[in-house]
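Look at the sequence and the fold first, then read on.

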Amino acid sequence: YLYEIEHGVRLQIPPEVISAARYDELRFKREPVLRHTAAEVAAIQRVPGTDSSLCSAEVPIIGGDKLLGSIIVESFEREHAFGDAELRLLTTVAASLGMALDNARLFNETKVALQRQTATARVLQAISRSLADTQPVLDTILGCCSTLLAGTQQTVLLFDDAQHTLMLAAHNGPAREVLERFFPIPQADEPFQNALQVELMFMLE
């Protein structure tokens, strides 16, 4: 509930899971839902910490052909408070909001795509300049990962089959000196190294 006002007071409502029936009604019909009486309002899931109204109107917010949310208005004064004029206004507001949210999504997707293209160009440039030395390439890759991914440390480990060891090839982050104390380490039959050798993802949580 991003913006909840009741009786002129803004409320801070924690997220909750709405009923499947209410969600499907908005998602599939994509039309305003009117609850004309107190009995109809009471029949649906009430938001915890709020009062039950006498009637309500709920209009879906659609963006990019997806249900993004809804706008709900309620009356505590009388039943049958919302007619065609109110619905037209709410529908217009919901359509404008859906367009704005979708434009923001497209902008963010374009920004991320541009960042990825820039990172790819940086890596290719590093490769062309360092054909005989992989270290600048690895450092560039980790620098790009730091920009694109939410994290503070990135590490590249390589197997040295001649020495039968796992080497610390590159690291970007505050713990490099600590990691260097543990490498190289002997190759061993253990889950982490086995996953690397067969090209499987190994996740630590």
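**Salt bridges, sheet and helices**

In this predicted model, Asp65 and Arg30 join their side chains in a salt bridge, at 2.9 Å from N to O.

Q: How many residues apart in sequence are the parts that Asp65 and Arg30 tie together?
A: Asp65 sits in the loop between strand E4 (55-63) and strand E5 (66-75). Arg30 sits in the loop between H1 and E3, so the pair ties together parts that lie apart in sequence. The separation is 35 residues.

Q: Is Asp65 buried or exposed?
A: Exposed means over 50% relative accessible area. Asp65 has 61% relative accessibility, so Asp65 counts as exposed.

Q: Which residues do salt bridges that share partners join into one network?
A: The side chains of Glu25 and Arg35 meet in a salt bridge, 3.7 Å from N to O. Glu25 belongs to helix H1 (residues 20-29) and Arg35 to strand E3 (residues 33-35), 10 residues apart. Arg35 also forms a salt bridge with Glu58, with the closest N and O atoms 3.4 Å apart. The network joins Glu25, Arg35 and Glu58.

Q: Where does Glu58 lie, the salt-bridge partner of Arg35?
A: The pair links distant parts of the chain, 23 residues apart. Arg35 is in strand E3. Glu58 is in strand E4.

Q: Is Arg35 buried or exposed?
A: The cut-off for buried is under 20% relative accessible area. Arg35 has 7% relative accessibility, so Arg35 counts as buried.

Q: What is the relative accessible area of Glu25?
A: Glu25 pairs with Arg35 in a salt bridge. Glu25 is partly exposed, with a relative accessible area of 26%.

Q: What is the bridge partner of Asp160 in E7?
A: E6 and E7 (residues 165-172) run antiparallel, with 7 bridges joining them. In E7, the partner of Asp160 is Thr165.

Q: How are H3 and H4 oriented to each other?
A: The axes of helix H3 (residues 84-129) and H4 come within 8 Å. They cross at roughly 170°. Angles over 145 degrees count as roughly antiparallel. H3 and H4 are therefore roughly antiparallel.

Q: How many residues of the contact of H3 with H4 are nonpolar?
A: On H3 the contact includes Ala119, Val123 and Ile127. On H4 it includes Val137, Ile141 and Leu148. The contact also has 2 polar and 2 charged residues. The nonpolar count is 9.

Q: Is Glu4 buried or exposed?
A: Glu4 is in strand E1 (residues 4-6). Glu4 touches residues including Val9, Leu11 and Thr50. At 14% relative accessibility, Glu4 counts as buried.

Definitions and conventions. Residues are numbered from 1 along each chain as its sequence is written. This is a predicted model: local features need pLDDT of at least 70, side-chain atom pairs count only at pLDDT 80 or more; totals for chains, interfaces and linings use all residues. Side-chain values use heavy atoms; hydrogens and water are left out. Two strands pair if DSSP finds at least two bridges between them. Helices (H or I, at least four residues) and strands (E, at least two) are DSSP runs, numbered from the N terminus. Axes are lines fitted to C-alpha atoms, for helices over the stretch in contact, and angles run from 0 to 180 degrees between N-to-C directions. Angles under 35 degrees count as roughly parallel, over 145 as roughly antiparallel, 65 to 115 as roughly perpendicular and the rest as oblique. Contact means heavy atoms within 4.5 Å. Ala, Val, Leu, Ile, Met, Phe, Trp, Tyr, Cys and Pro count as nonpolar, Asp, Glu, Lys and Arg as charged, and the others, Gly among them, as polar. A salt bridge is a side-chain nitrogen of Lys or Arg within 4 Å of a carboxyl oxygen of Asp or Glu. Buried means under 20% relative accessible area, exposed over 50%, partly exposed in between (1.4 Å probe, protein chains only). Lists of a residue's contacts leave out its neighbours within four places in sequence.
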